[in-house]
Amino acid sequence: MKKKEVIIIGVGRFAEALINELSKFPHFTLIAIDSDIKKLAEISTFVDKTFVGDSSNEQFLKEVGIKNADIFVVSIGNDIQSNLLTSSILKDNFGGTVIAKAVSKRHVEILKKIGVDVVIMPDTIAAKRTAIGILNPVLNAELFQRNSELTELDGGVSILTIEALPIWENKMIKDLKIPRNISIFLIYRNKKVVIVNGLTKIAKGDRIAVVGRNEDLSKIVQK
């Protein structure tokens with residue numbers, strides 16, 4: 001399978017966390033770009049290539065040979081003008097999906113007008129996750145204790161990625177005692193994604209992706 005090439009532009013805390021997560025999966029080629037060589041040095045062992053330069057310079061981006069990348073992530077947060085210029089250059093000259101980090105609602109609006117494919121506000125995402133923890137302390141405790149992750153969807157529904165519970169190990173999904181309105185739809189096993197069905201057996205060390213309402217997700221972690 002051909003690896004997807006992901007270009008991360010601007011290395012800050014958000015980019016570092018993103019690179020750390022993506023580097024766990026072998027089907028990505030990761031390239032980082034920043035004007036600060038020290039920042040690139042800190043993450044160099046987790047990426048395939050690094051380039052030092054000004055991403056708001058159209059000629060620079062063309063010269064580094066990233067035109068055929070699949071995904072561009074503009075994670076520049078401390079310089080809105082550079083963020084916008086970089087995003088605009090990518091949309092006008094490159095064919096991949098452009099994901100850009102925003103720091104305000106106005107910033108979001110401008111990025112959308114430019115045509116950016118996906119706009120994210122990390123602080124807002126973190127705030128929503130904290131709110132879930134306040135409203136549902138059992139689920140929040142699970143996130144910290146079992147190296148779990150929560151992605152909030154609409155209407156109080158979330159995706160919980162959780163290490164396989166001991167009582168699930170060596171059992172088929174159809175035999176698990178979980179609420180009917182909760183669905184297991186993916187397993188991450190040995191850095192590979194397993195598409196599941198009722199006969200899929202869960203192994204020790206699996207990370208399970210479960211979707212459902214927040215109150216129901218909290219029930220499974222109490223088992």
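## Arg-106 and its partner

Arg-106 is partly exposed, with 48% relative accessible area; here buried means under 20%, exposed over 50%, and partly exposed in between, using a 1.4 Å probe and protein chains only. Its partner is Glu-109: the two side chains meet in a salt bridge, with 3.1 Å from N to O. That term stands for a side-chain nitrogen of Lys or Arg within 4 Å of a carboxyl oxygen of Asp or Glu. Glu-109 is partly exposed too, at 40% relative accessibility.

Why are Glu-109 and Arg-106 separated by about one helical turn? Because they sit three residues apart in helix 5 (residues 105–114). Helices (H or I, at least four residues) and strands (E, at least two) are DSSP runs, numbered from the N terminus.

## How the model is read

This is a predicted model, where local features need pLDDT of at least 70 and side-chain atom pairs count only at pLDDT 80 or more, while totals for chains, interfaces and linings use all residues. Residues are numbered from 1 along each chain as its sequence is written, and side-chain values use heavy atoms, leaving out hydrogens and water.

## More charged pairs

So what lets such pairs form? Side chains of opposite charge can pair when their charged atoms come close. The structure holds six salt bridges.

One of them links Lys-62 with Glu-58, whose closest N and O atoms are 2.9 Å apart. These two are four residues apart in helix 3 (residues 58–63), so about one helical turn separates them. Lys-62 is partly exposed at 43% relative accessibility, and Glu-58 is partly exposed at 34%. Another salt bridge joins Lys-24 and Glu-21, at 3.1 Å from N to O. Lys-24 counts as partly exposed at 35%, and so does Glu-21 at 30%.

## Strands side by side

Now for the strands. Strand 1 (residues 4–9) and strand 4 (residues 71–74) run parallel and are joined by four bridges; two strands pair if DSSP finds at least two bridges between them. Which residue in strand 4 is the bridge partner of Ile-9? That would be Val-74.

Strand 4 also runs parallel to strand 5 (residues 97–101), again with four bridges. Here Val-73 stands opposite Ile-99 of strand 5.

## A right-handed crossover

Strand 4, helix 4 (residues 80–93) and strand 5 make up a right-handed β-α-β unit. Right-handed means that, with the strands pointing away from you, the path from the first strand over the helix to the second runs clockwise.
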